[in-house]
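Please open the model in your viewer and keep the selection tool at hand. The stops below proceed from one selection to the next.

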Amino acid sequence: MESVRISITAALSRSRLLAAGTLLAAVSVHLAPPATSAVPDPSPVRGSAFMGMGVAAHDGRGGVPVDTRASRTEGVDVASYQGSVAWSTLWNSGVRWAYAKATEGTYYKNSYFSQQYGGSYNVGMIHGAYHFATPDTTGGTAQADYFVDHGGGWSKDGKTLPGALDIEWNPYGEACFGKSQSAMVSWIRAFLNRYKARTGRAAVIYTASTWWTQCTGNYAGFGAHPLWIAKYASTAGTLPAGWNTYTMWQYTSTGPTVGDHDKFNGSTDQLRTFARG
């Protein structure tokens, strides 16, 4: 009988411990903080923006163009988040030109610029630099100077493309950087005028038609500048006012090796002619 009582007591003890453990686990789950994945992603840090950062989110994605490399020369654009780029791989795949982000605002220089800008040149590509505009931080003249002073210049060597102004959705805040349409046009004009005065060359304008309409009122006065249109689809679509053709087209952000792939609207010989100015 004594052994039976001991067995019953032990069983009851185990039952109480199990119940207590279950209760403690339930309380712990209730009191635990939410999983990290439930916390919204923070805003991107200043300096991390790149060409086409907002295109897919605002314009969506369609198809891709047919392969027309005989008449439209393949290119890529890169920024610091892509690190050291495999330029030989890109060259062997048929890429013949490249733009590297040089600057943003008047506060950021791409730490990979030397490898990206110089590396593309060293494998034989025609190369250029671009500036990510932040019209809410400093004026267009100041940002053009910063760009030219930190890699955005131009030389008439047939292998250097004119600098590009990347003007698109603000990744750090309000889409139009808090500017009215007329104020945005004035900011862009100041940048372009200063770049031309510093380099003797008209800067390329990279933008998307929907942003251009929203933030400049579809201003038609910059048609003398080469247009680099952003549209992830099988065609470049409707162009902003002032242009009846594009010079470059960023057609995808999911291409091979680096993601962002582009078409120059002409042959490789025409690209060299464009580079020489």
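In this predicted model, first select helix α6 (residues 181-199) together with helix α7 (residues 209-216). Their axes come within 7 Å and cross at roughly 115 degrees; the two helices are therefore roughly perpendicular to each other. To display the contact, show Gln181, Met184, Val185 and Ile188 on α6, and Trp211, Trp212, Thr213, Gln214, Cys215 and Thr216 on α7. Six of these contact residues are nonpolar and four are polar, while none is charged.

Next, centre the view on Ile188. Leaving aside residues up to four places away in sequence, Ile188 touches Leu165, Ile167, Trp212, Thr216 and Phe222. Ile188 also belongs to the largest nonpolar core, which has 66 residues. Select Trp97, Tyr99, Ile167 and Trp228 as well: with Ile188, they have the most contacts inside this core. Helix α6 gives the most to the core, with seven residues. In soluble globular proteins, nonpolar side chains tend to be buried together.

Now move to strand β1 (residues 73-78), where six of the six residues are buried, so the strand is largely enclosed by the rest of the structure.

Strand β9 (residues 261-264) runs antiparallel to β1 and is joined to it by four bridges; here Thr73 stands opposite Phe264. Strand β2 (residues 97-104) pairs with β1 in the parallel sense, also over four bridges, and Ala98 is the bridge partner of Val76.

Terms used:
Residues numbered from 1 in each chain as written. Predicted model: local features only at pLDDT ≥ 70, side-chain atom pairs only at ≥ 80, totals over all residues. Heavy atoms only, no water. Core = buried A, V, L, I, M, F, W, Y, C linked by side-chain atoms within 4.5 Å. Buried < 20%, exposed > 50% of the residue type's maximum accessible area, 1.4 Å probe, protein only. Contact = heavy atoms within 4.5 Å. Axes fitted to C-alpha atoms, helices over the stretch in contact; angles between N-to-C directions. Parallel < 35°, antiparallel > 145°, perpendicular 65-115°, else oblique. Nonpolar A, V, L, I, M, F, W, Y, C, P; charged D, E, K, R; others polar. Pairing = 2+ DSSP bridges.
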